[in-house]
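This report walks through a structure with attention to what touches what. Please look at the sequence and the model before reading on.

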Amino acid sequence: MSGEPGGRHPAFMPLIFVGGLIFGFGLGFSHMARPEVVLEFLQFTDFGLLFVMFGAAIVTGLAFAIVPRLRDRAPLTGDTYGRRLKSFDKNVLIGGSIFGVGWGLSGICPGAAYASLGIGNLTILWALAGMFVGAYLQGVWRSQQASAASVANAD
Amino acid sequence: MITESTIPLLTAELFPNGISRYAVGGLLVGLGAVVIYVGTGIAAGASTFLESTLSYVSDQSRFQRYRSSRDWRIVFTLGIIMGAMVYALTFQSGVVSSSLYQPGSTGDVFELGGFTFWLTDVQPWRLFLGGILVGIGTRIGKGCTSGHGVCGVGSASKTSIVGVMTFLAVAIGTAQIVMALGVSP
């Protein structure tokens with residue numbers, strides 16, 4: 001179409017941006033972008049964060065159930081509507097546990113960390129730097145595992 | 001025995017900051033994910049951005065698999081940052097107020113150009129070390145609070161429900177231990 005890379009619909013990127021805007025505004029408004037508030041929840045002094053997580057999941061749950069019945073394909077990509085289903089294996093438990101230790105220690109998760117930057121919290125760059133270091137370490141390790149496995153299969 | 005007069009007391013104890021800011025914020029987080037879903041069919045999570053962005057600087061196969069989505073994931077993340085900034089310039093700065101919005105007392109605030117910005121008091125070593133574990137764990141565990149927690153649970157995915165129960169339980173245990181050890185903030 002209009003010279004967009006990969007032939008994407010011209011409204012694709014603007015829509016992603018608008019979705020991110022609403023998502024980030026919600027994280028700011030709910031105070032989930034503040035590590036202190038997440039820690040208060042995990043330490044059982046303010047249970048309000050339950051409403052953020054379940055409130056959001058109810059909205060997506062309704063959309064994921066209703067939208068596929070109304071339309072077959074998404075207008076900007078032509079892709080069929082599906083749900084977010086990932087296969088279960090032990091990595092879900094191992095990774096979830098490592099993430100849990102990190103979340104409980106810092107009070108911050110990826111989306112909330114991006115939003116935290118937007119509310120002025122420059123100190124959160126420590127957490128963002130850590131997240132990139134962690135993602136890099138596991139990526140290098142798993143890339144090596146994968147190439148070792150493919151070499152073993154070739155033999 | 002629970003009487004009518006103890007219910008508000010109990011609510012005030014469990015929810016000292018009320019529930020409206022949390023509920024409204026949560027609905028908006030869900031709405032942001034739904035806007036993207038309706039337009040594109042994508043059920044987005046926030047943590048893939050970490051690996052997809054690393055594909056710009058590293059040739060590791062683990063990162064290169066996210067090449068095709070790395071550009072829009074940057075736009076999504078910029079949107080999250082800007083959306084939170086819109087909140088900071090309005091409600092956080094007191095320019096806009098609502099009975100649904102309860103300001104907080106955590107952390108530090110600073111003024112810049114007439115607007116109020118916020119800084120955490122949580123110590124940098126906790127943020128950095130915790131961040132490393134979040135970066136490792138979310139990517140090995142196939143998702144984070146948004147991917148598993150919002151889109152996965154919204155999809156009634158058993159994998160995501162187990163994932164959320166795992167990281168929530170471990171996070172609660174960790175935060176309780178850290179508090180018991182006297183680490184604050």
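## One leucine and its contacts

Leaving aside residues up to four places away in sequence, A:L27 touches A:M32, A:A33, A:G111, A:A112, A:A115, B:G25, B:V29, B:I80 and B:A84, where two residues are in contact if their C-beta atoms, placed from the backbone, lie within 7 Å.

This is a predicted model, in which local features need pLDDT of at least 70 and side-chain atom pairs count only at pLDDT 80 or more, while totals for chains, interfaces and linings use all residues. Residues are numbered from 1 along each chain as its sequence is written, and chains are lettered from A and ligands numbered from 1 in the order in which they are written.

## The nonpolar core

The largest nonpolar core has 92 residues, of which A:L27, A:A113, B:A33 and B:A84 touch the most other members; such a core is a set of buried Ala, Val, Leu, Ile, Met, Phe, Trp, Tyr and Cys residues joined through C-beta atoms within 7 Å, and a residue is buried if 20 or more other C-beta atoms lie within 10 Å of its own. Helix α1 (residues 12–29) of chain A gives the most to this core, with nine residues, helices being DSSP runs (H or I, at least four residues) numbered from the N terminus.

## A covered helix

Helix α5 (residues 110–118) of chain A is mostly covered, with nine of its nine residues buried. The elements that cover these buried residues include α1 and α6 (125–154) of chain A, along with α3, α5 and α6 of chain B. After α5(A) comes A:G120, whose phi is positive, near 105°.

## Where the chains meet

The contact takes 109 residues from chain A and 112 residues from chain B. On the side of chain B that touches chain A, α2(B) gives the most, with 20 residues.

Terms used. Helices (H or I, at least four residues) and strands (E, at least two) are DSSP runs, numbered from the N terminus. A residue is buried if 20 or more other C-beta atoms lie within 10 Å of its own, exposed if 12 or fewer, and partly exposed in between; C-beta atoms are placed from the backbone.
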